[in-house]
Amino acid sequence: MTHRVLSPVLAGALLVAALLAGGCSGDEYVAPPPVERSDVADPAVAAATVAALQDDLDDPTAAGELGTDGPAADLLTAIARNVAAMRLTDVTLAYVTETGTTAGDDAWDGLVAVTWRVAGFDRASARAEVPVSFADGGRTIAAIGADAKRLPLWLTGPVVVRRVPGALVVVAGEATDIELLARRTRRAVAATRPLLGRGDGLVVEVPADSQQLRRALGADRGAYDAIAAVTAPVDGSTAPRSPVHVFINRSVYDGLDPVAAQVVMTHEAVHAVTGAALVRGAPLWLVEGFADYVALRDVALPVARTAAQVIRQVRRDGLPDALPADSDFDPGASHLGTLYEAAWQVAVTLAEHGGEDALVAFYRDVLDGTALDAALRRHFAWSEADLTAAWRSRLAALAGVPE
């Protein structure tokens, strides 16, 4: 089962959709059977080559010498440099199995199990099974990640890294705007702290394009084409303590105006630092509405603009009968902007009734597993029906319609 959390959309106004998605990943890896046996495959030689690469990750020159040619050598050199720049720890590489033949008389494809952790940010190691093409009887590496559905960004080529208080920004490619991204990340962290304290550190990964984003997330084609950012488990696992990072979709994010870009970054930072990506059972109207509440808390724009879509819907269709359902948060739906604004207004209703401290405590209690009704009564002396009625009243006032 896939756990998915959605972020705000104000299409044509302020925001763009931002999804939080995770995938299923079992706790044990089961290697697939080889597609086609190669007579030249030598698991012992390949395992030794992979072990040598792991040993050489602290020496980019030595790592590069394990590549077959210029591009392969450059990739291995870049990987070693990425490990140092990102301060990756618990990095292990282990040959798993042959998966088929590849070009060349003494070449074959195999699978390598990889683990890694960003020191100072990730609580536990992430892991992935990465395709590797071997050559020279297994003594050199010709390619990494060919045809891989999931490929960590640090294994794709050179990245540029910036550190700001409480956060790490990793940008693939030329990274000409890394200073701008770093500033927005720093502001996002700072915006969460008045309400949330320090929380977990924030790692923001910026793939070069939508294809690289899709591979970093192990996603299907088109799954994230319309979103600006994603907060997700790095390796798709929803196990406790799994590393969770923010991933930026340049094809959408780069087109946002500065205010919208900052709101998206802060919204995703809330998801990341509170561990929302690994939570099951919390209603999405709370997860998304709270993230919007923090992201929009200090935005100097009138509510007539920031809630324009839900206001239009209420004027056209009348007041909603119930709080937004999880099933409404379909990433392919056309009404996501209205839905996010409605969820944000639920959070605003709670804060106005009981105060920000109560809203934060309520959010944390529900994420920690407290039943919604019990948490509402504890922090607001409300039932869900009371909250729904108050929220409807607020929407009616905003839209200027009778209850």
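Tutor: Strand 8, residues 167–172, is mostly covered, with six of its six residues buried. Here a strand is a DSSP run of E of at least two residues, a helix is a run of H or I of at least four, and both are numbered from the N terminus. Buried means a relative accessible area under 20%, exposed means over 50%, and partly exposed lies in between, with a 1.4 Å probe and protein chains only. The model is predicted, so local features need pLDDT of at least 70 and side-chain atom pairs count only at pLDDT 80 or more, whereas totals for chains, interfaces and linings use all residues. Residues are numbered from 1 along each chain as its sequence is written, and side-chain values use heavy atoms, leaving out hydrogens and water.

In a regular strand the side chains alternate between the two faces of the sheet. In strand 8 both faces are covered: one side carries the buried residues Ala167, Val169 and Val171, and the other carries Leu168, Val170 and Ala172, also buried.

Next come the neighbours of this strand; two strands pair if DSSP finds at least two bridges between them. Strand 7 (residues 159–164) runs antiparallel to strand 8 over six bridges, and Arg163 has Leu168 as its bridge partner. Two residues lie between the strands of this hairpin, where Gly166 adopts a positive phi near 80 degrees. With strand 9 (residues 202–206), strand 8 pairs in the parallel sense over five bridges; there Val169 stands opposite Val204.

As for the aromatic contacts, rings of Phe, Tyr and Trp (its six-membered ring) pair if their centres lie within 6.5 Å; planes under 30 degrees apart are stacked, over 60 edge-to-face, and the rest tilted. By this rule there are six aromatic pairs. One of them is the edge-to-face pair of Tyr95 and Phe134, at 5.6 Å centre to centre with 75 degrees between the planes. Tyr95 belongs to strand 3 (residues 88–101) and Phe134 to strand 5 (residues 126–135), so this pair ties together parts that are 39 residues apart in sequence. Trp108 and Phe134 are stacked, at 5.5 Å centre to centre and 25 degrees between the planes. Because Trp108 lies in strand 4 (residues 108–118) and Phe134 in strand 5, this contact ties together parts that are 26 residues apart in sequence. Tyr95, Trp108 and Phe134 form one aromatic cluster. Tyr95 and Phe134 are buried, and Trp108 is buried with a relative accessible area of 0%.
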